[in-house]
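Me: I have a chain open on my screen and I'd like to learn how to read it. Can you walk me through it?

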Amino acid sequence: MYSYKFVYFTGMIDSVGGPDRLNNLLSTLNIKPLNSRTLKNAERRAGSYIEAVAKNSMQKAAKASFEMEME
């Protein structure tokens, strides 16, 4: 059986479309719905991870652009 986190993050990656649709998906899979507090906590964790990936990507692109300008 999959854990709640797996189903939740899979749902978020596939852009289910908000907490209501996510809970509809979970009920279809016979999994109890997530409460709003759990959803907000997961959104905060995912948001900080996405920001870190974006910052890393931006730094790599800026470094590559700078090196191309200096050649």
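**Reading burial and helix faces**

Reply: Of the 71 residues in the chain, 14% are buried, where buried means under 20% relative accessible area, exposed over 50%, and partly exposed in between (1.4 Å probe, protein chains only). Keep in mind that this is a predicted model: local features need pLDDT of at least 70, side-chain atom pairs count only at pLDDT 80 or more, and totals for chains, interfaces and linings use all residues. Residues are numbered from 1 along each chain as its sequence is written, and side-chain values use heavy atoms, with hydrogens and water left out.

Me: How many helices and strands are in the chain?

Reply: Helices (H or I, at least four residues) and strands (E, at least two) are DSSP runs, numbered from the N terminus. Here you get three helices and zero strands, in the pattern α-α-α along the sequence.

Me: Which residues of α2 are buried?

Reply: Those are L22, N23 and L26. Looking down the axis of α2, they fall within an arc of 95 degrees, so they line one face of the helix. That arc is taken from the directions from the helix axis to the C-beta atoms.

Me: Which exposed residues sit on the face of α2 turned away from its buried side?

Reply: D20, R21 and T28.

Me: Why does T28 count as exposed?

Reply: Because its relative accessibility is 62%. T28 belongs to helix α2, residues 19-28. A polar atom of the T28 side chain also lies 2.9 Å from the backbone oxygen of N24. Just after α2, N30 has a positive phi of about 60 degrees.

Methods
A polar contact is a pair of N or O atoms within 3.5 Å; within protein, one must be able to donate a hydrogen and the other to accept it, and residues adjacent in sequence count only if both atoms are side-chain atoms.
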